[in-house]
Structure formats: C-alpha cells, structure tokens
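This report asks the reader to look at a protein model and to follow its description from the whole chain down to single residues. Please keep the sequence and the structure in view while reading.

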Amino acid sequence: MATKKAKKEKAKKTEGNGLVRFSINGQSVEAREGWTILETARQQGFDIPTLCFHPAVQPIGSCRLCVVEILQDGRSRVAASCITPVQAGVEVLTHSEEVTNVRRWVLEMLLANCPASRQIRELAKAHGVTSTRFTVEHPEDACLRCGLCTRACDEVVGTRAITMGNRGVFKEVTAPYHRHSEVCIRCGTCLYVCPTGAMEYLFPQVSAP
Amino acid sequence: MEIIRNVAELEGWRESLHAAQDPERLVVRVCLGPGCLALGANKVSQAFQAALKAKRIRARVQPLVKETGCHGFCSQGPLVNVDPFDLFYVKVKPDDAEEIVDTTLARGQAVERLLYSENGTRYRSASEVPFYKMQQKVVLKNVGVIDPLRLEDAIMAGAYRSLAKVLTSMTPDEVIAKVEGSGLRGRGGAGFLTGRKWRFAVENVRKNPGPVYVVGNGDEGDPGAFMDRTLMEGDPHAVLEGMAIGAYALGAHQGFIYVRMEYPLAIRNLGIAIDQARALGLLGENILGTGFNFDIKINRGAGAFVCGEETALIASLEGRVGEPIPRPPYPAEKGLWGRPTIINNVETWANVPLIIDKGAEWYAGLGVPHSTGTKIFSLVGKLRNTGIIEVPMGITLGRIVEEIGGGVPGQDRFKAVQTGGPSGGCIPYELKDTPVDYDSLAKVGSIMGSGGMIVMDQRDCVVDVARYFLHFLEEESCGKCLPCRLGLKSMLEYLDRFAKGQGSQQDIDDLHSLARAIMKGSLCALGGTAPNPILTTIQYFKDEYLAHVVDHKCPAGVCRDLITYSINPELCNGCGLCARTCPQGCISGEKKKPHTIDASACIRCGMCMDECPVGAVLVA
C-alpha cells in the first residue's frame, strides 16, 4: 500500500509540470501528457518494431508488433504501444516473455501470408523468425492489410482514392467498387508509406493509368 | 387513446384495465416464439380462433386466444397454456385445437394426451414441470404471459410504473445509487458493474456538457444463443422502460437499440412497442407531464458478429465500418459521436425497471454476492429439454444441465458445457459443481458471456467443437488487427491437421502458445477471447488431443479421417435399413443375415448408425 500511495503522490508531482513519469524496462522516463508509449520509447532510444505505424497518420494498432507489457498496481496487460497513451507510475516492458511471444507468432504468420515481402522477411529474421509453420497460399502476396496506404491517402493527401475492401481473411486494399480509381492523383504517397513493398504491385490495380 | 399527461392518469388507466378484466376469463396462451412458430404455432393459434368461432362456449366473456412471446420450453413446442386452469399442453397440433376447446374450455377438463410427461409422471401445470420448477423468472416474468403487441397487457403487468416513479420522485443521482446498490453487472458478456458505468458516464457529462446517448445492444450473434431475442420479442416495453430510466439518469434525450437484421420479429415487436409508447406520450416530449424528453430509434445491424462489441457497434451506428477501436477511452467517456454514451445489453436494460420497482436490496438478495440477480440462458445441445431458462446466479452448472435440462438422453452424464458462446470455454463434467456466476466461470477459464450454454455428450469431439467455434470466429473477424485476422486462420490450420490425425505433441504445445499470443495481442474482445475454446479444451481434454495426433484416433467418433464404421454381426438382424439408407451403396448383405460395410467406399457420414434400429453399427 505504501508504495502505491507513494507512486500516486509521485504521479501528481510530475503532472504538475505537464510531464508524466513512468518506467520503460526499469529505466525512469518522462513524457508529455497525451504522448503514446511508442513515441516516448522511441524518443528515449528503446527499440520497438512496427509495421502499420507512420508518424504522418493516426495510429490504429493493426499489426500489433509494437505490443508492450504494462504493469500497473500488480496487474499486467499487453497493449499496442502506438495507441496507448502514457500513464504515470506504470512499468512498461518492451521485450518480456508475453510480448516476444506475440511478436514472434505475428511475424511467423506474416511470413506465410506476405511471403513476397523482403521487408517482412528481414524484420522477422531480426527477431529470430526465419521459417513458418503455416501454409503459404498466395506466394505473390506482400500486403499485410494494415491500411497505412488508405489512411495516408485519406489523412495526408485527402483524396480517398483507395480503401480497405471486404473483411476478415478476405480483407484487401482496393479502390471503390473494385475499379481503377479516377480520383487518384498518382502522388505516390501510398507507395512511400507502404511498409512491405506491396503497393508496388497494388498501385497499378487501384489507380487509373 | 389520448396522451397520458401525468402519473395519476397512467395509474388510473392501469386500474381501469385491471377492473375491466374478468379473472375467470378463459385465456389460451399460444407461444409464438420462433421455435414454436417453426413448428407451426401460427396455425395452432388460427385453429383455436376458428374452433372458438365455431362453438359457442358458455362463459361470461368470450374466451381469448393470446399470442405471446416464447414460453421457453422450445424442445416441446408448440406450447399452449390454458388459464385460469393453469393447464400446460405440449406439441400441440392445429388438429388438437378443437379437442382442447371441447374438453378444456367447455368442460374444464384436461386433455391428458397433450400434457407433458417425464419419467412416467404427467404434469398438469407448467409450474410443476422440472424444466420450469427450478427456474426463477424475474426478467422474463412477462414473456410468454403477455401479448407483446398489446400495450394494455404490458401496462397491466406493471410497465412504466418504474419510469413514472423515477421521473416524479427520484433524482438522477438516486437512480444511479439504486442501480449501484443492486450490484447489477452487464449481461452482455464482460460483466462490468452497470451502476459504476453509469456513474462514470454522468461524471464525464458534468465535465463536458452537451448531448449524450443511451444504447441498447441487441446484436446477439453467438451460435446457439437467443436470450436477447426472446426478451425483445416477448416483452419489448421492459427494454424501452429500462432505457428511458437510464436516459433520465444520464440526461440523454435520444436512445438507440441496435438489433441484428436476422431478428425480424424482434425488430417488428420493438418497433410496434415504440410507436405505442410514443402515441401515449410514454416516449417523446414531456413524458408524463414531467418535462423529460426521450425517444428511441431502432438501428438494424447487417449481421456482423463483431458489431456486438461496443466500439464496433458505435462505429456501425455512426455509419462507419463496424470495426472496433481500442479502449480506453470507453464509450462512457467518448462514445457515439464522441459523446458520453451508456451502452448496455438489452437484458441489462430490462433489469433496471425491476430494481427501481422492488428496490436494490431485493435485487441484491437474488443470486450470490458479486453476481446478483438472475440470468437468462439459452440451454441447447445434447439435452432432453432445451430452450430459454432464467435462473438465479450461483446455481451450479450440473443442476442446470441435469435438473432443468433433464440430462443427456441415453447417457448417464454429459461430457462438457460450452458457456459464453464461441468466445467462452468448454467446462468438463468433472467441474459440474461450478457455480454459474461471473467470477467462478472466469476461474475455470470460461466466461459468462451473453448466456449461451451448449451441452455436449460423449459423441462430441472436443477438437471438432473447437474447430467449429474457431471457424465461426474466423468468418466473423473484422480483420483490423493481425493476431485475429491471421491468428484464427492459423489456429484452424493446427486443428485441421489434428482432425486428420496429423501433428505431434509439440504441435499441441505450439497451438497453446499461439492461442496465448492471440489472446494477449488482439485489439478487441473478439480476438482476445477467441482462443478460449482451444485453451480450455487443451486444459481439460488433452488426452483427446493426444489420441488424435499420437494414436490417430477420434475417441468420440467424429473426425472423419480417423474413424471407420463397421457392423457388429452378433447384433445385426439383417433388416437392410442401413443398406437402403447408405448414400454410397456400400453396405451389403443377405436378408435377415448380418450385413457388412465396404470401408473403401464408405464416406463416414454416419447415416447407417443413425438409422440402425438395434444399435449394431459401430464407429471406432
């Protein structure tokens, strides 16, 4: 109890100057209120992998590679750091067993589902995942359906030329009504933000030449 | 009918309705729940009306045929109750109507052959039948009793009394305090304290004034679950009244009920109820002359399971794609159109008027501490008695299955019960003394969920069951986050291999590890709870998994790649029924001599086994 109280008081103190104090992997860090855990961790030099995150668009927490374990009042939860705001007094672990388990499985599934992506192969390798136990159904597929391209098209360019179609395992990047988009201005933002290189072959499918 | 301008007029109307009712009037209550409807209850009701028209019954008032919501005992439908004799008839056919009119309505005697009998005992009244006897109908007290399309019926049963009380004699704070005091927890699945949710929402409104909303979640989509449907169809005014009370507590003027399109009857009945309430000023502007304005709109869901998740439901209500967003912020803080919103399951809403009417202490006295009140379950699967039940929280799983459900026909024990739908866990027979409350179910790895209860017997294979639920969720995943979109598919790959007898012990451990990753890594509760059937079946039935991968056997005789059908020559009497049934024509034998199955042509459909009158077909 005593420690909890002390923590709460500490939290109050830090909130006074607009900063939030918490810890990442045992190291005490400060962040501005409203920052996400990912922003803070990267600013402080902690390595957290991401695919669907880009600072230019709103994060949605799709790829879940950025998950971290958050310890608070003796309870643990795993959350996507790109969409979780900082909170005073919590302990964040970026590479705990639960976290690594999620990341490794996600990467292994991605190897089977985006086999054509060099970027994903490299990221997986960096995390010690070099092969997959799952069936490769579409060898040419590189898209992980994170929607970074459609979000950039909407939020940055403002054209909404492309969209996510269908749902679940059939989810896909497409243009409305599965036609070449006529509002596409061929600015290439989607190509630029795509984390897997999939847009290179998707672009001609969604944009009118 | 004129608009009811104040509480005195409402109570006056209620009294006049009671006074006008003849307590001795003969009433034939026909269940028009979807189960009975499918069995022809509509025609039964018409037959009664025709029979009554044809014969004049000597009574002070002409007998009434009342079409009600679900009576609950679906496996015995179509169900008919005759008041005031309190006679309970099961499996009534249109042709039986005349006899019931002649014997029961005209002479007051029972039609013995239509009474329900179990283990040699014949029951006259529904209240004596074991299926009903163990139940405690509180929320469902009007369902199956009133005609849901007649507001007069609901008013006589006490509808809108609590709303009147709240509007005239309670402050919003007092309403919330009462709900808090009752200990009511959300009936939609997670079991969050309703009062706390309301308090949280109200605090947010104070900090940030502006429009606020209440939402009723009727997007029930679990396979084998139909609690919310029964409630919305059978007593729609209870849901409306609960929402109006919640709106008063929050200061909301607009409510939404989100119902899936696959529930046409629920949508119709709710819509009629809203129109009726509006016409009388029980919804709309200046309700009961108190100056309180509140109206409700029905939103039809397109049938996406994930839209039962509250943030996805809100997205769908707003006209966006039904995909969840991470919480916090919770809807009580930022919900519909970014405003504080109270979103509760329709069953939770229907509990509210009862708490206001009878008091928080009364409610807290039902059930067990921390899980107060009663819960509606849909009891389905390999059971003698199936249907909708309402029981006090804390009753054991075994009592529900064996005493209310009547146990598994032909077997002395059930194998497992899946509670909480596809996101719940599979609880084995050995844990049958587990009390059914939020915390005890969580302890054994399952959830209360919205109240689906699927009972399995020895002929159900746990690998196959886990596959079934996972397949359902794979199709219903919205695909927003990777662990759910790819993880469910990947877990299915493992299970598909096991069902073919492939894989190893290592694979079972890997599947367990993958299941944990998906549970921890998913964005919303759909993915977060999807591994529950796998985790619990591995925990409680690991032997059966091992039998598949190590011995290449399916002990329950379900997984087609691992079983062979054969005929026991000592039992076979050579009737030839199996040979005529077999779609492959691979059963042969001389008349009155033991038959044999050609295993190379057999597709293992099991039709011969179902047909065999002497139980000579074996599966191994």
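The model is predicted, and the values given here are computed from it.

**Chain A**

Chain A is built from seven helices and seven strands. Their order along the sequence is α-β-β-α-β-β-β-α-α-α-β-β-α-α. Along the principal axes, the C-alpha atoms of this chain fill a box of roughly 65 × 40 × 25 Å. The chain has 209 residues, of which 40% count as buried. Taking the contacts in chain A between residues at least 6 apart in sequence, 57% join residues that are at least 24 apart.

**Domains**

| Chain | Domains (residues) |
|---|---|
| Chain A | domain 1 (15–93), domain 2 (96–139), domain 3 (148–206) |
| Chain B | domain 1 (19–130), domain 2 (151–364), domain 3 (394–556), domain 4 (564–619) |

In chain A, the C-alpha centres of domain 1 and domain 3 lie 29 Å apart. The contact between these two domains takes six residues from domain 1 of chain A and seven residues from domain 3 of chain A. On the side of domain 1 of chain A that touches domain 3 of chain A, four residues are nonpolar, two are polar and none is charged. In chain B, the C-alpha centres of domain 3 and domain 4 are 33 Å apart.

**The contact between the chains**

How many residues does the contact take from chain A and from chain B? Chain A gives 22 residues and chain B gives 23 residues. On the side of chain A that touches chain B, the largest share comes from helix α3 (residues 97–113) of chain A, with seven residues. By type, this side of chain A divides into 11 nonpolar, six polar and five charged residues.

**Strand β7 of chain B**

Attention now turns to a strand in chain B. Six of the six residues of strand β7 (residues 213–218) of chain B are buried, and therefore this strand is largely enclosed by the rest of the structure. B:Tyr213, B:Val215 and B:Asn217 point one way from β7(B), while B:Val214, B:Gly216 and B:Gly218 point the other way; all are buried.

Strand β7(B) is joined by six bridges to strand β8 (residues 254–260) of chain B, and the two run parallel. In this pairing, B:Val214 stands opposite B:Gly255 in β8(B). Five bridges join β7(B) to strand β11 (residues 341–345) of chain B, again in a parallel arrangement. Here the bridge partner of B:Tyr213 is B:Thr341 in β11(B).

**A residue in a helix of chain B**

B:Leu470 is found in helix α18 (residues 462–476) of chain B. Why does B:Leu470 count as buried? A residue is buried if 20 or more other C-beta atoms lie within 10 Å of its own. B:Leu470 has 24 other C-beta atoms within 10 Å, and therefore B:Leu470 is buried.

Which residues does B:Leu470 touch, not counting residues up to four places away in sequence? They are B:Leu488, B:Met491, B:Leu492, B:Leu495, B:Ala530 and B:Pro533. A further pair shows how separation in sequence and distance in space can be read together. B:Leu470 and B:Lys489 are 19 residues apart in sequence, and their C-alpha atoms are 8.3 Å apart in space.

Key:
Residues are numbered from 1 along each chain as its sequence is written. Chains are lettered from A and ligands numbered from 1 in the order in which they are written. This is a predicted model: local features need pLDDT of at least 70, side-chain atom pairs count only at pLDDT 80 or more; totals for chains, interfaces and linings use all residues. Helices (H or I, at least four residues) and strands (E, at least two) are DSSP runs, numbered from the N terminus. A residue is buried if 20 or more other C-beta atoms lie within 10 Å of its own, exposed if 12 or fewer, and partly exposed in between; C-beta atoms are placed from the backbone. Ala, Val, Leu, Ile, Met, Phe, Trp, Tyr, Cys and Pro count as nonpolar, Asp, Glu, Lys and Arg as charged, and the others, Gly among them, as polar. Domain bounds come from an automatic or database domain assignment. Two strands pair if DSSP finds at least two bridges between them.
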